[in-house]
Amino acid sequence: MLRAWLVLLGGLALGCRGERAFLTRADDSTGRCTYSFTVASPVEAACPNAGGGPGLRAEMASLAARLSRLESRERGAGGSGPRGVEAGGARDSQQVAPAGGLEDAYGELLRAKSRLEEEKGQLERENEELRRRLESSAQEIARLRATRCSPGGEGPDREPVRAPGKGCGELVWVGEPVVFGRADSIAGKYGVWMKDPEPVPPFTRETTWRVDTVGTEVRQLFQYEAAEQLAQGYPAKVHILPRPLESNGAVIYRGGLFFQPRRSHAVVRYDLRTEAITAEKEIPGAGYHGQYPYAWGGYTDIDLAVDETGLWVIYSTEKARGAIILSKLDPETLEIRQTWETNIRKRGVANSFIICGTLYTISSYSAPNATINFAYNTATGTSRAVSIPFENRFRYLSMVDYNPTERQLFAWDSFNMVTYPIRLSQV
């Protein structure tokens, strides 16, 4: 369109009989681009009718209007002709340059992504290491708290009865069970597994003990160097006990295995170092061999327990009419130091354990969503109903004991050896 206009303008100029023509382009005062086409006449100083007759002025006005419309169309269509070519060329060069820059930026982004992924992996590894350190610190704090709860050492000058300390409190929460191992034979349908909260050399807090208690002649005590070895099923040693166990109410404490011998209302201490029985004591009037067991049965008439304050025995008598009785025992001689009689029926609960001098009972051994339903405080001699959720994941809970050093519950649930994390209130 612009070339057509130039031809017309050239024709008009040639009408003035010029022999040479000049085309110029420049911005006017408003910044718009204007084109000028001039012809110098070799014979005339001025064109005839230079002022422009009416017809010529009208034609020029019409051409100017058409030129304005053409320029408007040119701007609307993105330009054509020399100016459009020039603009298009500029755009092409401008497009090439950003394309190369985008490729460089994309490459840099890929490199940055790779660096970020490496940093993410490093942070994840550091986070895992911090998690392990936190767990280790938590266990160490629990051990220190238990130490504060249990002042005193070994020897004849030890306090006869230790009181709960600053680390003690009331049970307020029990977490989900964590499986550590599984028995591989019918003898492990129910049993007992333990760690010594106050071990003596050569044993450590990591040494783990296990007894499968199904059968009439239960004499094997399995020793593992750590719970991981228990999970693998390879004991470091097997102790053959001089007398068979009655059930799974045994505990390990201060280098000794405390248990009830078969068809007996006595408690004995088996020394793990000398592998011999070093103490034996009858529990006066205690029922045995199915007289006052827990709700699940299993000859669980006499159940031993350990907490921050020492060694306990849980049982019942005919005089107590089946109500739970607690007695504190001397761990060396097994003499009874003090006794408490509760109003909790032993056959009415699935199991029990002691934390900081308070007895807690479990409502059911088979219901998946059981509860800790009663608490008896030996400091006040009073009991109260509680309702703390407790999960029986495998539906046959036969043993529950508290470990005051690890601040966890150890349990045996239908072939499975599990632990429960707990939380105590601050006192």
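Good morning. I begin with strand β6 (residues 208–212), which pairs with β7 in the antiparallel sense over three bridges. Strands here are DSSP runs of E, at least two residues long, numbered from the N terminus, and two strands pair if DSSP finds at least two bridges between them.

A word on the source: this is a predicted model, in which local features need pLDDT of at least 70 and side-chain atom pairs count only at pLDDT 80 or more, while totals for chains, interfaces and linings use all residues. Residues are numbered from 1 along each chain as its sequence is written, and side-chain values use heavy atoms, without hydrogens and water.

Which residue of β7 is the bridge partner of W209? The partner is Q223. Five residues lie between the strands of the β6 and β7 hairpin, where G215 takes a positive phi near 135°.

On β7 there is also pairing with strand β8 (residues 237–245), antiparallel over five bridges. Here Q223 stands opposite K237.

Is β7 mostly covered or uncovered? Five of its seven residues are buried, meaning under 20% relative accessible area with a 1.4 Å probe, protein chains only.

I turn now to the core. A nonpolar core is a set of buried Ala, Val, Leu, Ile, Met, Phe, Trp, Tyr and Cys residues joined through side-chain atoms within 4.5 Å. The largest one has 40 residues, of which L257, L272, I314, L326 and L359 touch the most other members. Its largest share, four residues, comes from strand β7 (residues 218–224). Apart from this core lies another, of 23 residues, including V174 and L397.

Conventions. Buried means under 20% relative accessible area, exposed over 50%, partly exposed in between (1.4 Å probe, protein chains only).
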